[in-house]
Amino acid sequence: KKIAILNGPNLNLLGNREGDIYGNIGLAEIEAACADECARFDFELEFLQTNSEGELVTLIQQAGAACDGLVINPAAYTHTSVAIHDAIRAIAIPTIEVHLSNIYAREEFRHKSFVSPVATGTICGLGPTGYILAIGALATQIPE
Ligand code: DQA
């Protein structure tokens with residue numbers, strides 16, 4: 001089985017960015033931890049980051065065609081993007097939405113997710129552990 005983990009805008013800055021909210025663990029470290037967790041389930045992993053909304057749409061479409069499950073942290077596009085909502089809606093694979101921070105404990109504009117209604121499930125507020133839990137969640141959601 002193959003899964004994609006897609007990361008949206010500014011997540012390339014993780015580790016340097018707003019450390020009080022996002023911690024000091026970088027995206028490369030999260031990728032390494034995800035690779036270890038994927039090995040436990042024998043999942044092949046595609047781990048990608050883009051700052052571009054259109055690129056994220058393309059990557060979701062490609063995951064839908066080539067992968068068995070998707071973990072996505074759409075970052076700020078979570079709160080704005082009908083295009084990402086539609087892209088996830090258009091694919092048939094289980095999709096777990098992840099946020100490092102608890103978006104419901106932050107500014108009002110982060111309380112709305114365009115992604116949650118089309119995600120299989122959502123994990124937020126648990127930091128990098130959320131990615132690890134999402135991989136375990138996919139293991140229960142991907143059909144044999
Ligand atoms: C985020 C939360 C979003 O509100 C924010 O725009 C991000 C990261 C998170 O992982 O907590 O860039 O998705």
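Predicted model: local features only at pLDDT ≥ 70, side-chain atom pairs only at ≥ 80, totals over all residues.

Start by selecting Tyr22 and His99, the pair UniProt lists under "active site" in an unreviewed entry; UniProt positions follow the numbering used here, feature names are shortened, and annotations may be inferred rather than shown by experiment.

Residues are numbered from 1 along each chain as its sequence is written.

Zoom in on Tyr22, in helix α1 (residues 19-22). Helices (H or I, at least four residues) and strands (E, at least two) are DSSP runs, numbered from the N terminus. Leaving out neighbours within four places in sequence, Tyr22 contacts Leu14, Arg17, Leu100 and Ser101, where contact means C-beta atoms, placed from the backbone, within 7 Å.

Now hop to His99, in strand β4 (residues 95-99). Is His99 buried or exposed? It counts as buried, with 22 C-beta neighbours inside 10 Å; the cut-offs are 20 or more other C-beta atoms within 10 Å for buried, 12 or fewer for exposed, and partly exposed in between, with C-beta atoms placed from the backbone. Tyr22, with 19, is partly exposed.

Last stop: select Asn10, in the loop between β1 (2-7) and α1. Its phi is near 75°, a positive value in a residue other than glycine.

Key:
Contact = placed C-beta atoms within 7 Å.
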